[in-house]
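Dear colleague,

I am passing on the structure below, together with some notes on what turned up in it. Please look at the structure first and then read the notes beside it.

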Amino acid sequence: MRDSASPERQSLSERPQWRSLARHRGQIERLHLRELFAADPSRGERLAAEAAGLYLDYSKNRITDETLRLLLELAEACRLRDRIDAMFRGDRINTTERRAVLHAALRAPPSERIAVDGRDVVPDVHAVLDRMTAFAARVRGGEWTGHSGRRIRNVINIGIGGSDLGPVMAYEALRHYSQRDMTFRFVSNVDGTDFSENVRDLEPGETLFIICSKTFTTLETLTNARAARAWCLRGLGDEKAVARHFVAVSTNADEVAKFGIDLDNMFGFWDWVGGRYSMESAIGLSTMLAIGAENFRAMLSGFYAMDEHFRSAPWTHNLPLLLGLLAIWNNDFLDAPTVAVLPYDQYLKRFPAYLQQLTMESNGKHVTLDGERVDYQTGPIYWGEPGTNGQHSFFQLIHQGTRLIACDFIGFCQALNPLGDQHDLLMANLFAQSEALAFGKTAGEVKAEGTPDDLVPHRTFEGNRPSNTILGERLTPHTLGALVALYEHSVFVQGAIWNIDSFDQWGVELGKALAKRTAAEISSAIDPVLAHDSSTNALIRRYRNLRK
């Protein structure tokens, strides 16, 4: 039986700080953002913070100074500072897998010392970075050639989950800085269409595959890797070609060697790096090949700048902390279970998809660190599209629907591709949308425009919809690193307060295990004895009958 007097064992919802926030919600429900801004003319400047090249305006959230005070008290009560220190110190805070969580070590400068089990891992990180740098220079400069002596012009990253979403997001985000005489593509789906369409117009003799799999046993990745190997050999006709057209990001040297990849071209990483936190490790080799080592290291510097800010900034000005606490407030107290991520930059078109894994795989948990069922909501649903496309898609529901949806707007003050006044128009839309969501349009204002009475309800906007706005000067590699680290640490803050393990993902395993069993049944030469439920049995039989 839980000891309610023990702070360590006390349910989050039983804490006095949580209950104070629940009571405070009743006061906030009666307030509108119109009133809050009218009562405090400086609110827009006051409820903002800046670090690592990013400016966070959180004034359009349904909060008061009292809300912030209570949220900070909750963070203190949950010993957030101790948890932050434990992560950066290399403690095994991934409790279910008994692992350290040290993605911060991937971007630490050589002068840092970060130990795991007494071993400083920073030199190991930089040794891999140096190997990546040398390899990228050879490929980008044309020194590394394929089996037939032709220059590598195409790079295909094969991975799934964090081994795909991070690299493809980073490539698309930093495409402006990429080497334009090279083509970069990404294959993740085990659906054969993904691989087939990505190689359809390529020459095997000019194509390099990067196989990203820590264990080199991931079903989807190895299936696509074998398809790539067969495609390559059909075109080049020599087993020795594999060593010139495939490299691996893995820790399983035996399986890599069996595949035919030269172990000199295997780039390792460590079990203290979670897949969704690995884009700046060797998993980012495709990113370095695209943008070059100098830009890749600039991205790492942006990560590091946000890391240091998170570790040291006062909590009232700490961007990841504020973003995380506001997410808890919106999710658990204002009943806003989803977050729309709205980057007003086409280069960030894959950023919402990347955040889906980062946030929902991390905090989609139903039990605490102690294995007890939570009695509060954990991870919200993240989704989104670039602006202004989303405005002509789902913004109607955000503005006038019955669900409260929190929004994160992301924009940059300088365009990478200036074209007339288009960037000004883009940013005008960003500012206008966050303003409209916050303040809406009253029935009186609609009537004053001469709107017929029967149309007034249709043209009225309640407003009072919460949003954050994140602004950077320009989308650079450094800025991207800082932006990703901002969300990484925000996720950590949420998970620490919810008292869940943000760094495991057991929910992924059951479906994978069942898929292996089902795959064998589907491929069986004779009708298998099926022991699933009646629905699954019927579906398998129907598929077997129709697949040929």
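**Notes on the structure**

Apart from its neighbours within four places in sequence, Arg175 touches Arg180 and Tyr347, where a contact means heavy atoms within 4.5 Å. This is a predicted model, in which local features need pLDDT of at least 70 and side-chain atom pairs count only at pLDDT 80 or more, whereas totals for chains, interfaces and linings use all residues. Residues are numbered from 1 along each chain as its sequence is written, and side-chain values use heavy atoms, with hydrogens and water left out.

Arg175 sits in the loop between α7 and β6 (183–187); helices (H or I, at least four residues) and strands (E, at least two) are DSSP runs numbered from the N terminus. Arg175 counts as partly exposed because its relative accessibility is 28%, given that buried means under 20% relative accessible area, exposed over 50%, and partly exposed in between (1.4 Å probe, protein chains only). Arg175 and Leu348 are 173 residues apart along the chain, and their C-alpha atoms are separated by 10.0 Å.

With a relative accessible area of 14%, Thr368 is buried, and, leaving aside neighbours within four places in sequence, Thr368 is in contact with Val374, Tyr376, Asn499 and Ile500.

For the chain as a whole, there are 22 helices and 13 strands, and buried residues make up 53% of the 548 residues. The radius of gyration, taken over C-alpha atoms, is 25 Å, which agrees with the value near 24 Å that a compact globule of 548 residues would have; the globule rule is 2.2 Å times the number of residues to the power 0.38. Along its principal axes the C-alpha trace spans about 75 × 65 × 60 Å. Of the contacts in the chain with a separation of 6 or more, 73% are between residues 24 or more positions apart.

On a 1 Å grid over the protein atoms alone, a cavity is a set of points where a 1.4 Å probe fits but cannot get out, and a pocket is an open set with protein on both sides within 12 Å along at least five of seven lines; lining residues have an atom within 4 Å of a point. Grid points are joined across faces, edges and corners, and a volume is the space filled by probe spheres set on the points.

By this rule there are three cavities of 30 Å³ or more, and the largest cavity holds about 90 Å³. Its lining includes Leu323, Tyr382, Asp408 and Gln494, and α14 (319–333) gives the most to this lining, with four residues. By class, the lining of the largest cavity has seven nonpolar, four polar and one charged residues, where Ala, Val, Leu, Ile, Met, Phe, Trp, Tyr, Cys and Pro count as nonpolar, Asp, Glu, Lys and Arg as charged, and the others, Gly among them, as polar.

The largest pocket has about 1,000 Å³ of space and is lined by 38 residues, of which Thr218, Gly275, Gln505, Glu509 and Lys512 lie nearest its centre. Four lining residues of the largest pocket come from α21, the largest share, and the lining divides into 14 nonpolar, 14 polar and ten charged residues.

With best wishes
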